[in-house]
Every structure is written in structure tokens, then in C-alpha cells.
Amino acid sequence: MKSQITNALSDFFFEYETPRQVLVRNRRVGVVCRLIQLGVLAYIIGWVFIYEKGYQSTDTAVSSVFTKMKGVGYTSEIGKERVWDVADYVFPPQGDSSFVVMTNYIITEGQNMSKCPELPGKHNCTSNKDCEGGGFKRTGHGQMTGVCVKLNTTQTCEVLAWCPVEDDRKIPDPPMLMSAENYTLFIKNSVTFPLFGVTRSNLVEGIDAEYISKCLHDPEKAPLCPIFKLGDIVKLSGFNFETIAKVGGAIGIVVDWTCNFDTDVRNCKPKYNFHGLYGNPTETDKARASVGYNFRYAKHYLEDTIQKRTLLKVFGIRIDIIVQSLARKFDIIPTLTAIGSGVGIFGVATVVCDLVLLYLLPKREFYKNMKFKYTDTHIQK
Amino acid sequence: MKSQITNALSDFFFEYETPRQVLVRNRRVGVVCRLIQLGVLAYIIGWVFIYEKGYQSTDTAVSSVFTKMKGVGYTSEIGKERVWDVADYVFPPQGDSSFVVMTNYIITEGQNMSKCPELPGKHNCTSNKDCEGGGFKRTGHGQMTGVCVKLNTTQTCEVLAWCPVEDDRKIPDPPMLMSAENYTLFIKNSVTFPLFGVTRSNLVEGIDAEYISKCLHDPEKAPLCPIFKLGDIVKLSGFNFETIAKVGGAIGIVVDWTCNFDTDVRNCKPKYNFHGLYGNPTETDKARASVGYNFRYAKHYLEDTIQKRTLLKVFGIRIDIIVQSLARKFDIIPTLTAIGSGVGIFGVATVVCDLVLLYLLPKREFYKNMKFKYTDTHIQK
Amino acid sequence: MKSQITNALSDFFFEYETPRQVLVRNRRVGVVCRLIQLGVLAYIIGWVFIYEKGYQSTDTAVSSVFTKMKGVGYTSEIGKERVWDVADYVFPPQGDSSFVVMTNYIITEGQNMSKCPELPGKHNCTSNKDCEGGGFKRTGHGQMTGVCVKLNTTQTCEVLAWCPVEDDRKIPDPPMLMSAENYTLFIKNSVTFPLFGVTRSNLVEGIDAEYISKCLHDPEKAPLCPIFKLGDIVKLSGFNFETIAKVGGAIGIVVDWTCNFDTDVRNCKPKYNFHGLYGNPTETDKARASVGYNFRYAKHYLEDTIQKRTLLKVFGIRIDIIVQSLARKFDIIPTLTAIGSGVGIFGVATVVCDLVLLYLLPKREFYKNMKFKYTDTHIQK
């Protein structure tokens, strides 16, 4: 019994099977099949391996972004000069990857909770019947008291609201803070590729404190400088600064980390791209359902024991820092999977050639006989 | 020498190898093997290609979300009517993809930095010894002064804190801002599939400014309208509005972009799904470790040169807009990989059939002789 | 005609092709080839299936994070004791996954919009000519009025700005809020794997309200407790608390959900990892271009009808909760793809052995004759 197993084992180990082949000496079939096989080989090597880098595994990064704006704005309303610093014009203040830079605003000062007439236009009325007491209108500012009151030359519904109500029918033009064009944005971004255990920062080799204190990002001259002028960002996104500053808009800054870790890690550097979000800035925007960007923001205070607030309708440039990452490194699994799959496709080439050989050639019967051996001869044709 | 290479090359190009096969004429084996092969073929075509769309490559999108709430709330505490507009009840104000809508609150007005007794309950004391001077308690509001003071009928530790300390032992019921049910949320979302170079907005073809000004999202009647009633969102997430408004809760709005770019890009439309976050709203929530959602928020002011603040414990509905995306498009690489892998599986079918043929059939010795040729005849059995 | 098709079909179904093989009885070739084949088999089973779990499909989760800080800080400037609670030291207040805990600050109280001298240093001047009227300096605080004014023993440019301007040349050391070390952070995180339809929360089985009210996260003793001491977080990230508290810094808390849904879903539990962001805390940080973390924040108020503000330059610990997820579950597609690809690699092994057999062995001509059959005999060598 033991010797039987040993025999079987030695048989297994000292034997080797290889398929028997017919070597078809036919120019036409030969050329066609060799070309198909060469094509498959070229595809596997050229496309899968070299172009698509099928021998590498890929990983995306977890990333962290910190931003900091710098610069001072200046506005001069009638008799009222004021400057705006970073604590005034950035929302939220703590340096998130998504934030808004105020460029225009409608200010309504000294609002307090009381009763006052609504804005003329949608809220006009002729008698108290038009103003349902206790009701709300979708575009209204408060709860209707049920009274129709005089406002200048017209009549509107009275509301319980923060009074006086904000009049946002006219957006300041030119925008209040055109000086925002000269603000600068500093982006600090670090990415970690967990699969490869690599951490990179956008302050790469050579981008030190001294360089940062002087540089300004330029797509050609200083592509790695992480300091951006707001006016440049807007221009590179395809917007006109005055337009976007007036009604607001949203811009995405894509930090693109496409890295090949088969080469030196120091070659892994970020690329910065800029594009408008929510609609194509190069088309005419009139057809779009919703352009502009704004939100309301209130500062509360107490005056003579009365709670008051200053309401700001802020128009601004919303900036989203979007980190896109794709790292590649040689890995044995995708390499062998690509090879194995390639050998499979090679098999398809053989099947195609066999079809030609056995069904299309004039001498097909001859080739059939060469290729096949039949277990019973009586049904052989 | 040259002619030798030419000969070898011409040999290579004009020759073509094809494996020699045994054609086994056996009904049982034939049917079994053909069925296995047909099964593999059906699997490859039906499952890999048609069901799983193995001929397409996939991509996920980078996305950008902007939100805007509309609506006015109304509360009426004793002798104090007030309305709440968007600047009062949305945190943060700038339209992020994750925000909180206040629905209930505990207000503590006129806090200033001084010494006052703690809340009764956990901070009760009988003598100064119970209150370690300079110490902090985990649930305390400030630094203990080391004195035990009288508070109504009981005694509690005195603390240096924002006084009076907030008493949040009783949550207002019904919630203060039940009117939040009628607020509307507008979602603006754009997605970019970098691999396919396609950008889409949730304001798809046909969703123009006029439609938006009137529509309200409904899963059946208006599935593409990007305006949502807060009450509907809560209901579609499986919550009861009054419960969630009272203690707060978190809701995820999933914007699902599942697109097939082999058809017209205009078919790529978002789907909106709603579900509760942090725990299953359909189960009894009592067993869960932590329900509700709240945070504290302070408004600072100066009264008679003394710094004071109004502290709000805000209960609210936190809404997270989650963009999920998966686009597919025909690509030659996954197609050929699937085919190659399929051919490989075909090979497995052949191996299985061979095992049957060579080891299970009665005539196995005969088939073995047909299939194999031995290089040395002396060990041939 | 009909019978012809029936015949062809019955032929097809009752026949079965299997390749004819040569069984090479050669010890050297046999052993080499069997070892290669066994290697391939071991690779496919051991590496692809067991190590890389190639029989499973993978999915990443959509996740939602809510955070809540607890604890009271205490500062004592000259004659001014005060405590800081959560509404004072967390930015933003609403419990986002990315937030800042203030640990140090430079406070500038009572700023109002007026004219005052700039900071000495970069803004020194000797005459009015050094101060360009209406101009801004990159590091300046406002708009220059064109006047050079006396400031103590030196002269600086006068600016229109929030006055007095902030003097941030000296960072308080030791940091104002060293007590921040004892603050606690509560993390609530839920993940949904859409492909597998599984939702998990970090409040897993056994982590109930009672446990949470007492526990404190410890990597070994309480790895599932979602309550973290800020001092522990800083230490586990490799930072020194006093350093990071003084100048600020950024820490990533990675919640790692690596789950295998072929086992009980209850085994799917989060792991918490901590690491410093933006630069390696274990290296000497001096060479880094940008360390520290700070932002400016203003509280506005009205005093005697004059708009004033308190400016805070906040140094703090920014915490980013990063959810990393990878779930696996058995799936037929990747299983069959792996098998198919493995069979393909098996074919490569055969090709390698054939090359040895036909080109390297002394008896290669004999084997060639065994393996190949020629369609025309006249060019047979």
C-alpha cells in the first residue's frame, strides 16, 4: 500500500504533461494567427502594462486641509470709512477646507423684534383681508399681524419680525469689497496613503518658510507655491472678478496628488487646478436655474436693554478645497492577474484561428482529421 | 546565417499550432461537459457582462454641495413673542453640506462671570468639605470655590462660572419651534467624474428657475425638485417630527448619482434618499446609548461695561448631505480582462470533465490511452 | 434539413473534446514543472485567496460623525479670574467632525474703527514718505493714512484699522488653558456599507449609556470607549501637550472600520488611531515650513453707540475625525475572476516548461516529434 502511494507520487513528480499540437504549415492561416497573437501580446504589454500600469496597485489618500486668508479690505459708505480684516470677512473663521470670502453685502443695522410693514412688491395689500393674521408667506420676513399698513406711496402687510425688514432688492454694484482681489490664501494640505505608508505635505522639499514668505502661486513660474491671490484664483477658474464679487459664486480648488511610488517619493508633488462649481462659467449663465452665492448672518447686541442685531446678507466667493489622490506602486497581485488574464485572451486568439482552420479553409476536412482523433470510428464522416 | 534567421522567421509566421484533441463520443460525458461549459458561458455573458456590467470601467465623483434654508419660525414665551429667521436658526450660516436646524432650545440669559451655586442634584453638599476648592467636577459648570451655599431648600457647592448656571434638567415639551416643520431646504449639488470628464448638476435639464420657484420635492410626483420641506425629510427618514424636534436628531440625505455614460448623459439624474443617522429609528431607541442631538452656543454682549452672554442649549435636526456616486462607461480593459478570466474558467470546466473521463468512467483506461502518449513505453500500463 | 440540424446538435451534445497530451517521463523536467505548478497553486490559494481574500468583494462606507467636548477651563490674568466652558472654547460649536479646541489666545479688547499707529518692527518709519497714503502692506492691519506717528520711543505708520491693533509678537507661555488637558471628547460615529446593507455605530454591543457615563478610552483597557481625554489624544499622537497647547497643532483621529462580514456582524468594531497632521511630530520641527495652528475670531458689541469688538487670536488643537472603512464579504464574481486568472497563470507555467522541454533538453528533437504533428512532411527536419 505504502509503495503504491510512493509510486503514484513519484509518477506524479517525474511526469509532465504537455499538449500535443498540430503544426499547420499554411501561409494564410499562419500569418493571420500570428498577427492576432502578436496583437494580443502588444495589447497586453503596451496597453495593460505600460499605458494603464496594470502591474501596480493603487491607493487613495486620507487628507487634511488647513487654510488661512490674509489681507485687509476697505469700504467707504457715505461718511463711514471702515476696514475689513480676516476676522470680519471669512466664514467660518477657523480655517476649514470649505469657506466663504465676503465680497459684497447688504447691511441692515439696528433690527429689533417688533412690528413693521413688509417689503413692497410681493407683499402689497389693499385691505386687512389680504394679510392673514398669524400666517406666514414663503418669501415673507415674519408672522403677519393681519393689518395692512401704509408704506410710502403703497400699502403692505404688517409683520412681527426683526424690524426694519431687510431690503435686498438691489445688490450693491460695484461690489463693496473689490479690494478682495488682493487677498491671499495659504493652503496647508497633508495626505497619507495608508496602503503604502507614505505621508506627504504640500510643503514639499524646497518649499520652506523663507520661500513661502515671498512667493505667490503662478501656474508656470511658481506651481508649488501654496500662496494664492484671490484674483488669480477667480481668473484661473474662468470667472470675471467683478461679476463673481457682486453676486457671489463657488470655486473648487483641486489639489491633485497623482503619484508613482516606484520612483522617488520626492517626485510626488501636488498640482493645483481651479474650476467653477455649480454651472459652467463659460456658457451664458442666464439659462441656469440658480447662480450666485449668498447667505445671511447676524451680529447680536444689546442697546438700552433691547436685544438688537445687525443683519448681513453676505455675497461671497465660496472656496472648496478638494483633494484628489491616486498613488501607484508595483504589486505582485495585479501583475499576475494581468498576466493570467492575458494568457486567457491568448486562448481566445487560438479559438478564433481554429474556427478559420476548421470551418473556412478549403482543406478543412484534412485539418479536422489532423486535429481530432475519434474514440469511435463508425460515425466518422 | 542571415538565411537561417529568415528561415526561422518565415517558419514562425507561416506556421500555426493548434492543440490536437480527442473527440470523445460518449453521451454521458458529452452531455455533462457541454452543460458545464454552457453554464460557464451563461455565467460569463449573463452575470459578468449583462448583470454586473463587467465591460465597463467605473468612477466616483468629486462633489460640491450648497444648501439654503428658508422659512420663519415663531415662539411665544410668557409675554414675549418673537420670530426666528434663517440667520437665527441655522448653524453654521454659510450653507455647508452639514448643518443644524434649531427646533428646541433652553435659553439662559444674562450670564456673567461670577460666583453662584451649582445645580441641585449631583452637586448637593452638606458642608464646605464636600466642595473641594479649586477643583472641577466632570458634570460641573465651573471651578469650585470650596464653599457650600444654600439654594432654595437644599445646599449645593458654589462655583466660579458663567452665572446663573444653565438649568437643562427639563427639556421644553412641546418643542419651542414646531413651526420648523414648514421650513424648506434647497440643495444645490454638482458632481464631476474626472475619469470621464463629465460634470452634472442636480439642477438637470428641465429644472429651471421658474420650476424651482414653485416646486416641492415629492418622491413620486416631483422626484427631481431640489426643494424639500423639513417635515417631509423627517417623515421619509422614519422619524416622528415632534420627538426629533424635542430632543434633536441626525438625518442623512443621500444624493445618489448612479450613472451609465454609455447612454445619453442627460439620463444621469440624482436620486434622493433619507435615513436617520446614529441608530435605527424603527427600533425602540431606549436601549441605545446616546440619542438626541444638541450643542451649546453663546451670544456675547456688554451691559453697563460688564461682559455678559446669552447661552443657548440648542436641540436641533442635524442634516448631512451625503453624495454617493458611481458612473460606468464602456472600456476595453475591463472587457478583455473579463473575457480572459472567462476563458480561464472555461479551462476549469475542461479539467473537471477530464477528471470524470479519466477516473470515473468504466472505460477510463481506453480514454487515457487515447488522450495520452507516453515518451517511454516500458512503464505504460 | 431538419434532421441535419438535429444531427449537428446531437453531435455537439454527445461529443466532448479533450486535448491530447504527451506524458513526458523525464525526471528533471517533471520535477521542475511540477514545482512551478505547485508554486502557482500555492500562490493562488495561499496569497490570492487566504492572504488577500480574493474571494471577497469590498466596499467602503458612507459615514457620519458627531462630536461633543466636555470640561471647564480656568484662567487667571492679573486681577481677572474666569472660567471657559464648551461654548467658549470649541469652534465651531455644533459638533462637526473637524473642530478646534482653544488652548491659548491673545486677546485684544475694545477695538473700534479708528486711526492708530501700526506695530513697531516691519512698519517703522522715519517720515511721512515711508507711509504711502491709501496703501496696504501685506503684513499690515489696515489702510495707511500717509502719516508717520510716534509710538513710545520709535515711529510707525498710522493706519485706519480696528484700533488698537493686535500685538501678537509674543505668544503667552505657558499657554493660558493648560487645563484643556482634562477636557473629554465624545465621538459618535455611524457607518453604512451600501453594498452589503449593513449599518454600524461606534456604540457597539455592550457600550451602553451606563458604560459611557463612566469609561475613558484607553488603547488597551478600554479600546471601545468613545470618550477620550484630550491629553491622552495628544500623547498618543506623539506630541508634547505644553508645546501643542502653546502654538497649536492638528491631530487626526482615524476611526478604522475593517470588517469581514463573512463572520458575525457584531465582530465589526472600530479601532481608534491618533496621529499628528501637517508634519512629523517625531522629527525636529524647526525645519518645517509651517508649524502651529491659529486663527482670528471677533466678538462684536456696542458700547455707548460705538461698534466695538474683542479680537481673539486663538491657538488651539484642531481635531479631524477621519473615518476609514473597508468591509469584505464573499462574492461569486471576484472568486471566479481569481480562479480564472489563476488558471491563466497555470498556462504560463506550462509555456515555461515547454520552452525548457523543446529548446534546452538534449533530447529536444525527440520531444518535438512527440509533441508536434506536421501537416506537410516534406519540410520536416
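# Salt bridges and chain interfaces in a predicted model

Asp320(A) forms a salt bridge with Arg318(A), the closest N and O atoms being 3.0 Å apart, where a salt bridge is a side-chain nitrogen of Lys or Arg within 4 Å of a carboxyl oxygen of Asp or Glu. The model is predicted, so that local features need pLDDT of at least 70 and side-chain atom pairs count only at pLDDT 80 or more, whereas totals for chains, interfaces and linings use all residues; side-chain values use heavy atoms, with hydrogens and water left out. Residues are numbered from 1 along each chain as its sequence is written, while chains are lettered from A and ligands numbered from 1 in the order in which they are written. Over all chains, the count by this rule comes to 44 salt bridges.

**Salt bridges within chains**

- Side chains of opposite charge can pair when their charged atoms come close.
- Asp320(A) counts as buried because its relative accessibility is 8%, the term meaning under 20% relative accessible area, with exposed meaning over 50% and partly exposed in between (1.4 Å probe, protein chains only).
- In chain C, Asp320(C) forms a salt bridge with Arg318(C), with 3.0 Å between the closest N and O atoms, and both Asp320(C) and Arg318(C) are buried.
- In chain B, Arg169(B) and Asp167(B) form a salt bridge whose closest N and O atoms are 2.9 Å apart.
- Of this pair, Arg169(B) is exposed, with a relative accessible area of 52%, whereas Asp167(B) counts as partly exposed at 37% relative accessibility.

**Interface of chain C and chain A**

- The contact, which is defined by heavy atoms within 4.5 Å, takes 74 residues from chain C and 67 residues from chain A.
- Chain C and chain A bury about 6600 Å² between them, with 58% of this area on carbon and sulfur atoms; buried area is the accessible area (1.4 Å probe) that two parts lose on being put together, summed over both.
- Across this interface of chain C and chain A, the rule finds 2 salt bridges.
- Asp88(A) and Arg309(C) meet through their side chains in a salt bridge with an N to O distance of 3.1 Å, and a network of salt bridges links Arg82(A), Asp85(A), Asp88(A) and Arg309(C).
- The rule also finds 15 residue pairs in polar contact across the interface of chain C and chain A (both at pLDDT 80 or more), a polar contact being a pair of N or O atoms within 3.5 Å, of which, within protein, one must be able to donate a hydrogen and the other to accept it, and for which residues adjacent in sequence count only if both atoms are side-chain atoms.
- Helix H2 (residues 27–51) of chain C gives the largest share of the side of chain C that touches chain A, namely 11 residues; helices (H or I, at least four residues) and strands (E, at least two) are DSSP runs, numbered from the N terminus.
- By class, this side of chain C has 38 nonpolar, 19 polar and 17 charged residues, where Ala, Val, Leu, Ile, Met, Phe, Trp, Tyr, Cys and Pro count as nonpolar, Asp, Glu, Lys and Arg as charged, and the others, Gly among them, as polar.
- Strand S1 (residues 15–19) of chain A pairs in the antiparallel sense with strand S2 (residues 21–25) of chain C over 5 bridges, pairing requiring that DSSP finds at least two bridges between two strands.
- Within this pairing, Leu23(C) in S2(C) is the bridge partner of Glu17(A).

**Interface of chain B and chain A**

- Here the contact takes 67 residues from chain B and 75 residues from chain A.
- The area buried between chain B and chain A is about 6600 Å², and carbon and sulfur atoms give 58% of it.
- Tyr16(B), Arg20(B) and Arg25(B) supply 13% of the area that chain B buries against chain A, more than any other three residues.
- Between chain B and chain A the count is 2 salt bridges, and the side chains of Asp85(B) and Arg309(A) meet in a salt bridge at 2.4 Å, N to O.
- Across the interface of chain B and chain A there are 14 residue pairs in polar contact (both at pLDDT 80 or more).
- Helix H7 (residues 332–360) of chain B contributes 8 residues, the largest share of the side of chain B that touches chain A.
- That side of chain B divides into 35 nonpolar, 14 polar and 18 charged residues.
- Strand S18 (residues 372–374) of chain A and strand S2 (residues 21–25) of chain B run parallel and are joined by 3 bridges, with Leu23(B) in S2(B) as the bridge partner of Tyr374(A).
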